[in-house]
Amino acid sequence: MSDTLSDEEIDRQLPDGWEQDGEEIVRTFEFDSYLPGVGFASGVAGLAEAAWHHPEITITWGEVEVRLTTHDAGGITEKDIDLAARCNEIYE
Ligand SMILES: C[C@H](O)[C@H](O)[C@H]1CNC2=NC(N)=NC(=O)C2=N1
């Protein structure tokens, strides 16, 4: 079981562009059109499978919202922070 992080720890560790929303961290990634967002979401899915840690991904025209929480722990853990940072790395 991963240990949940305190709000202070989350605030300190949140990668650029991410914010806390209750028991989740969230970032909306912006794109020029629909298909680049779909491609990005597919990349996030690959990162998720590799980490065995799965976000909620919402694809709309020009935007992809990624929400992360650790269901097994009932809150935000290092797993969420790590995957959020990896999402930033694949976002050009
Ligand atoms: C059964 C499976 O191992 C669990 O559901 C894994 C898979 N992906 C997961 N993803 C997320 N976001 N939180 C989890 O606790 C989690 N646990």
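Mentor: The questions below concern the fold, the helix contact and the ligand shell. This is a predicted model, in which local features need pLDDT of at least 70, side-chain atom pairs count only at pLDDT 80 or more, and totals for chains, interfaces and linings use all residues. Residues are numbered from 1 along each chain as its sequence is written.

Trainee: Which pattern does the chain follow along the sequence?

Mentor: Helices (H or I, at least four residues) and strands (E, at least two) are DSSP runs, numbered from the N terminus. The chain has 3 helices and 4 strands. Read along the sequence, they give α-β-β-α-β-β-α.

Trainee: At what angle do the axes of helix α2 and helix α3 cross?

Mentor: Axes are lines fitted to C-alpha atoms, for helices over the stretch in contact, and angles run from 0 to 180 degrees between N-to-C directions. Helix α2 spans residues 34-51 and helix α3 residues 78-90. Their axes come within 10 Å, and the crossing angle is roughly 145°.

Trainee: How many residues of the contact of α2 with α3 are nonpolar?

Mentor: Residues are in contact if their C-beta atoms, placed from the backbone, lie within 7 Å. Among those making this contact are Val 44 and Leu 47 of α2 and Leu 83 and Ile 90 of α3. Beside 1 polar and 2 charged residues, the number of nonpolar ones is 7.

Trainee: Which residues lie around the ligand?

Mentor: A residue is near a molecule if its C-beta atom, placed from the backbone, lies within 6 Å of it. By class, this shell has 1 nonpolar, 5 polar and 1 charged residues. The residues are Trp 52, His 53, His 54, Thr 69, Thr 70, His 71 and Asp 72.

Methods
Nonpolar A, V, L, I, M, F, W, Y, C, P; charged D, E, K, R; others polar. Contact = placed C-beta atoms within 7 Å.
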